[in-house]
Amino acid sequence: MKPYYPLLLKTALFEGISADDLDTLHRCLNFQVQKYQKDEAIFLESDVITKFGIVLSGNIIIVKDDVYGKRSIISNIIPGNLFGEAFALSHQKMSSVSAYAASKSEILFLDAGKILTLCEALCPFHTRLVHNIMRVIAEKNIFLNEKIKLS
């Protein structure tokens with residue numbers, strides 16, 4: 001069992017998935033953990049995104065720079081939360097925002113293509129993961145619509 005499994009098992013993405021199943025998913029999906037220093041770019045606007053991240057430690061900011069160089073912080077991503085999934089799972093794949101480590105951070109990256117392609121064994125927990133990612137995206141979409149309504 002990897003040291004970050006307890007955090008993952010508490011996230012909406014891995015809801016209903018056991019530690020043993022997570023171990024199998026780890027191998028099947030080729031989890032990749034990367035470390036970032038404060039202010040280091042994770043991805044930049046117009047980068048092609050094929051993987052999305054889950055913050056394991058630290059925090060990530062999602063920013064949008066306007067044509068005048070003014071930077072707006074769109075979101076602050078804390079441990080256990082996802083980022084980049086909308087780009088990684090879309091046909092567009094080109095990011096319209098940038099992501100930076102706001103502090104020393106560790107991120108687990110998941111390949112969107114591997115998540116959407118069910119393995120040969122058709123594991124029920126892989127199917128559960130697909131359902132979970134759809135729910136996470138839907139809930140973020142609802143939250144964004146509510147945020148716009150309140151603005």
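This is a predicted model: local features need pLDDT of at least 70, side-chain atom pairs count only at pLDDT 80 or more; totals for chains, interfaces and linings use all residues.
Counting by the salt-bridge rule gives 8 salt bridges, among them the pairs Glu15 with Arg128, Asp65 with Arg71, and Arg135 with Glu139. Side chains of opposite charge can pair when their charged atoms come close.

**A salt bridge between distant parts of the chain**

- The side chains of Glu15 and Arg128 form a salt bridge, with a distance of 3.5 Å from N to O.
- This pair links distant parts of the chain, since Glu15 lies in the loop between α1 (5-9) and α2 (19-29), while Arg128 belongs to helix α5 (residues 124-150), 113 residues apart.
- Glu15 has a relative accessible area of 39% and is partly exposed, and Arg128, with a relative accessible area of 33%, is likewise partly exposed.

- Because Arg135 and Glu139 are 4 residues apart in helix α5, about one helical turn separates them.
- Arg135 counts as partly exposed at 27% relative accessibility, and Glu139 is partly exposed with a relative accessible area of 44%.
- Glu15, Arg128, Arg135 and Glu139 are linked in a network of salt bridges, which brings together the loop residue Glu15 and the helix α5 residue Arg128 with the pair Arg135 and Glu139 in helix α5.

**The pair Asp65 and Arg71**

- Asp65 and Arg71 meet in a salt bridge between their side chains, where the distance from N to O is 2.8 Å.
- Asp65 is partly exposed, its relative accessible area being 28%, and Arg71 counts as partly exposed at 42% relative accessibility.
- Arg71 is not classed as exposed, because that class requires a relative accessible area over 50%, whereas the value for Arg71 is 42%.

**The open sheet**

- An open sheet is formed by 4 strands in the order β1-β8-β3-β6, and their pairing is antiparallel.
- Strands β1 (32-36) and β6 (82-83) are the edge strands, each of them pairing on one side only.
- Strand β3 (residues 51-57) runs antiparallel to β6 and is joined to it by 2 bridges.
- Gly53 has Phe83 in β6 as its bridge partner.

Technical notes:
Residues are numbered from 1 along each chain as its sequence is written. Side-chain values use heavy atoms; hydrogens and water are left out. A salt bridge is a side-chain nitrogen of Lys or Arg within 4 Å of a carboxyl oxygen of Asp or Glu. Buried means under 20% relative accessible area, exposed over 50%, partly exposed in between (1.4 Å probe, protein chains only). Two strands pair if DSSP finds at least two bridges between them.
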